[in-house]
Amino acid sequence: MILIISQNQEITTTEVIKWLLRKGKSFIRVHEDEIFEIKTKEKRLYLTSQRNCFFIDDITSVWYRRGGLRFEQLRYKNESINLNMNEYQHWLEDYVIKTLESKKHINKESNSDVNKLLVLEQAQKTGLDVPDYFLAEHTDEVILNQTIIKTIGGNPRIENILKDSSGMMYTSVIREREDDFFLITFFQEKIEKDFEIRSFYLNGKIWSTAIFSQADEQTKIDFRKYNDKKPNRNVPYHLPKDIEEKIHLLMHALDLNCGSLDFIKSKNKYYFLEVNTVGQFLGASIICNYSLEKEIADYL
């Protein structure tokens with residue numbers, strides 16, 4: 001039995017499930033709004049919610065897509081007992097999660113949020129080229145028009161920044177200095193690119209896509225500023241073998257067996273930017289005819 005941990009209405013998950021159904025593979029899809037109780041039956045642990053019920057030893061493989069397992073928290077009137085039972089509950093939940101993560105898997109909830117700064121350091125250790133970067137709380141040392149600013153965290157979205165409105169933080173070029181100090185921020189050298197590369201990694205295999213974003217002013221700095229009227233050209237691409245070998249080393253060091261990695265091609269160099277463990281790959285899969293949804297279903 002395959003366990004899929006995802007979000008409600010997550011389209012990539014649905015596309016993979018279509019392949020699982022075609023292949024006749026049994027699965028359970030867990031949504032982020034489900035709350036599970038941990039139960040026992042015939043000396044076996046099982047999880048039960050309003051939608052699903054399964055024994056954890058019946059699970060043969062796990063795909064962590066997004067969201068996470070949530071458990072019902074019991075409350076007791078006596079605070080001392082409540083603290084004690086919460087500790088028991090914690091270790092029980094920890095056992096369930098670690099037991100599931102020890103099975104054949106694609107990604108794990110426990111390391112789905114990677115620290116960008118640590119990733120960049122590890123990428124350099126594996127021999128990948130990384131644009132020069134630094135952290136600062138002012139712009140005194142910033143070289144104008146040659147430095148970009150990016151988020152330290154992995155989530156670029158700001159929910160409800162205005163009433164019923166969300167925002168997106170894009171990569172931007174620093175054009176002028178700030179007079180005041182601010183929260184420590186990530187600055188990086190602006191690389192003049194030939195094109196960008198998005199590589200999808202799954203258990204040692206790599207599928208890459210060249211994204212010709214530099215020809216459009218709207219997408220030149222950040223290709224996520226999609227131009228719906230004139231989309232960027234995307235084509236299948238093969239990274240040099242030595243770069244792919246360094247990707248293997250990086251993913252192994254990060255204990256990741258799946259993820260989307262971003263590169264910039266500039267003359268004869270490939271600059272590593274970041275890895276997203278649960279990034280979108282469906283668009284590249286369709287455009288380049290990679291059938292990555294089938295690859296995931298096959299692996300599970």
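Predicted model: local features only at pLDDT ≥ 70, side-chain atom pairs only at ≥ 80, totals over all residues.

Colleague: How many helices and strands are in the chain?

Modeller: The chain has 6 helices and 18 strands, taken as DSSP runs numbered from the N terminus (helices H or I, at least four residues; strands E, at least two).

Colleague: And how much of it counts as buried?

Modeller: 45% of the 300 residues, with buried meaning under 20% relative accessible area, exposed over 50% and partly exposed in between (1.4 Å probe, protein chains only).

Colleague: Now the sheet with S3, S4 and S5. Is the pairing parallel or antiparallel?

Modeller: Antiparallel, in an open sheet ordered S3-S4-S5; two strands pair if DSSP finds at least two bridges between them. S3 (37–41) and S5 (53–55) are the edge strands, each pairing on one side only.

Colleague: Over how many bridges do S4 and S5 pair?

Modeller: S4, residues 44–48, pairs with S5 over 3 bridges. Thr 48 sits opposite Cys 53 of S5.

Colleague: Switching topic: is Glu 196 buried or exposed?

Modeller: Buried, because its relative accessibility is 7%. Glu 196 is in strand S14, residues 195–202.

Colleague: What does the side chain of Glu 196 make a polar contact with?

Modeller: With the side chain of Lys 193, at 2.4 Å. A polar contact here is a pair of N or O atoms within 3.5 Å; within protein, one must be able to donate a hydrogen and the other to accept it, and residues adjacent in sequence count only if both atoms are side-chain atoms.

Colleague: What's the count of aromatic pairs?

Modeller: 10, where rings of Phe, Tyr and Trp (its six-membered ring) pair if their centres lie within 6.5 Å; planes under 30 degrees apart count as stacked, over 60 as edge-to-face and the rest as tilted. Tyr 133 and Phe 186 are stacked, because their ring centres are 5.4 Å apart and their planes at 25°.

Colleague: Where do those two lie?

Modeller: Tyr 133 is in S8 (residues 133–136) and Phe 186 in S13 (residues 185–189), so the pair ties together parts 53 residues apart in sequence. Phe 186 is buried at 0% relative accessibility, while Tyr 133 is partly exposed at 23%.

Conventions. Residues numbered from 1 in each chain as written. Heavy atoms only, no water.
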